[in-house]
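Open the model in your viewer and keep the selection panel at hand. We will go from stop to stop, and at each one I will tell you what to select and what is there.

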Amino acid sequence: MRRRGPGLRLRITLLTTALVAAVSAVLLFLGWTLVGRVFDSSPSFPSDSQVTVDGVTVTVKTLTDALTAAARQDLLRAGLIAFACIVLAAAVLAWTFTGRVLKPLHDVTGAARQLSAESLGSRLRLEGPRDEVADLADTFDAMLDRLEAAFDSQRRFVANASHELRTPLSVVRTELDVTLSDPDADVEELRRMAGVVRAAGERAEQLVSALLLLARTDGIGLAVREPVDLSAVVESAWRAARAEAESRNLRSVFRCVPALAVGDPALLERIAGNLLENAVRHNHVGGWIETVVETGPQWSVLRVSSSGPLIPPDRVEELFEPFRRGVKDRTSQSGTGLGLSIVRAAVAAHGGFAQAVAVPAGGLSVTVHLPSAPH
């Protein structure tokens with residue numbers, strides 16, 4: 001295990017004390033030197049002059065040297081005492097104030113150590129001056145906000161996925177139990193049961209495939225990046241949805257121009273396919289669908305609009321959440337509730353963004369912006 005050096009508080013204290021000691025030592029040396037120069041600059045007398053001090057006759061030079069030595073000794077004695085007091089006071093003050101300054105850092109460290117999936121609701125909410133430590137605490141709180149949102153989203157996603165998968169499995173088990181408990185079940189009854197089980201299995205398979213695709217596109221980079229014509233992608237995706245649209249007498253209008261986007265052809269076709277499938281399945285009989293493909297210097301745009309039930313504008317954003325169909329009428333027996341979630345995740349993986357608005361007369365319009373390929 002790698003050994004760590006002294007803590008930040010101790011290092012700051014030692015550094016501050018060392019600086020104060022160095023400055024004090026310099027001042028003490030300057031004072032000691034200055035005392036000598038003061039006596040050296042005093043009025044001079046002939047070298048053989050003598051003076052009497054306390055009944056003792058000495059030369060002027062001897063007296064001057066004695067006074068200089070005594071003054072320097074007194075200064076050194078008092079200076080060393082002051083030096084020790086100043087250094088000790090600097091160490092105590094540095095340790096105290098450094099502890100107060102670094103206390104928010106200890107709070108951040110303590111909060112990080114106690115952090116778990118169950119305690120993401122705690123926040124530092126540091127008050128005081130807006131300095132670097134406060135910025136760190138605010139950044140930590142913002143990170144906890146994002147983590148809490150991610151964990152909540154994951155919990156909801158797992159709970160909803162478990163619920164959605166439980167439904168077809170429950171249907172399979174119920175059909176098997178009912179049919180097997182009937183001793184008079186004939187071939188027709190067995191065929192009916194097999195049809196129900198097959199339909200439930202197909203729904204579970206669709207859901208699992210959608211979950212895998214969502215996991216693949218949510219936060220993971222693209223494995224393939226190449227120019228793709230969105231008009232060709234829309235044409236290919238429409239082939240799979242045309243039969244259902246015709247069975248519901250939907251009027252379809254396409255205003256598509258060649259528009260090159262950079263990305264994964266399979267994912268781009270899934271984006272267009274999900275938008276068209278949603279437009280067909282969540283539509284009125286005899287309704288309409290309008291698909292527009294436009295190109296620009298920065299973005300290639302795909303817009304799919306359709307008629308349908310009225311959607312409150314404040315609930316449109318909910319349609320992008322997993323298993324959130326938004327309004328009751330938008331629930332489809334053949335859907336998984338992941339269509340727009342996959343669209344947003346796949347578009348984000350391409351570096352674009354998706355937006356949706358409610359059609360005033362009823363229905364939904366989804367617009368996808370994808371980075372354009374250079375011409």
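Helices here are DSSP runs of H or I with at least four residues, numbered from the N terminus. One thing to keep in mind along the way: this is a predicted model.

**Stop 1: the nonpolar patch**

Please select Val23, Val26, Leu27, Phe29, Leu30, Trp32, Leu76 and Leu80, and show their side chains. Together they make a nonpolar surface patch of about 760 Å². Two elements, helix 1 (8–40) and helix 2 (60–113), each give two or more residues to this patch. Which helix gives the largest share? Colour by element and you will find that helix 1 does, with six residues.

Now centre on Leu80, which sits in helix 2. Leu80 counts as partly exposed because its relative accessibility is 46%, and that class lies between the 20% and 50% cut-offs.

**Stop 2: the annotated spans**

**Stop 3**

Is Asp186 buried, partly exposed or exposed? With a relative accessible area of 41%, Asp186 is partly exposed.

**Stop 3: a covered helix**

Now select residues 339–349, which form helix 7. How many of its eleven residues are buried? Nine are, so this helix is mostly covered, buried meaning under 20% relative accessible area. Among the buried residues are Gly339, Leu340, Ile342, Val343 and Val347. Step just past the end of helix 7 to Gly351, where phi is positive, at about 85 degrees.

**Stop 5**

For the last stop, select Leu310, in the loop between strand 7 (299–306) and helix 7. Leu310 counts as exposed because its relative accessibility is 61%, and the cut-off for exposed is over 50%. Leu310 and Gly362 are 52 residues apart along the chain, yet their C-alpha atoms are separated by 4.1 Å.

Note on methods. Residues are numbered from 1 along each chain as its sequence is written. This is a predicted model: local features need pLDDT of at least 70, side-chain atom pairs count only at pLDDT 80 or more; totals for chains, interfaces and linings use all residues. Side-chain values use heavy atoms; hydrogens and water are left out. Buried means under 20% relative accessible area, exposed over 50%, partly exposed in between (1.4 Å probe, protein chains only). Patches are made of residues with over 30% relative accessible area and no salt bridge: like charges are joined within 9 Å, nonpolar side chains (Val, Leu, Ile, Met, Phe, Trp, Tyr) within 5 Å. Accessible areas come from the Shrake-Rupley method with a 1.4 Å probe; for residues, only the protein chains shown count as cover. A salt bridge is a side-chain nitrogen of Lys or Arg within 4 Å of a carboxyl oxygen of Asp or Glu.
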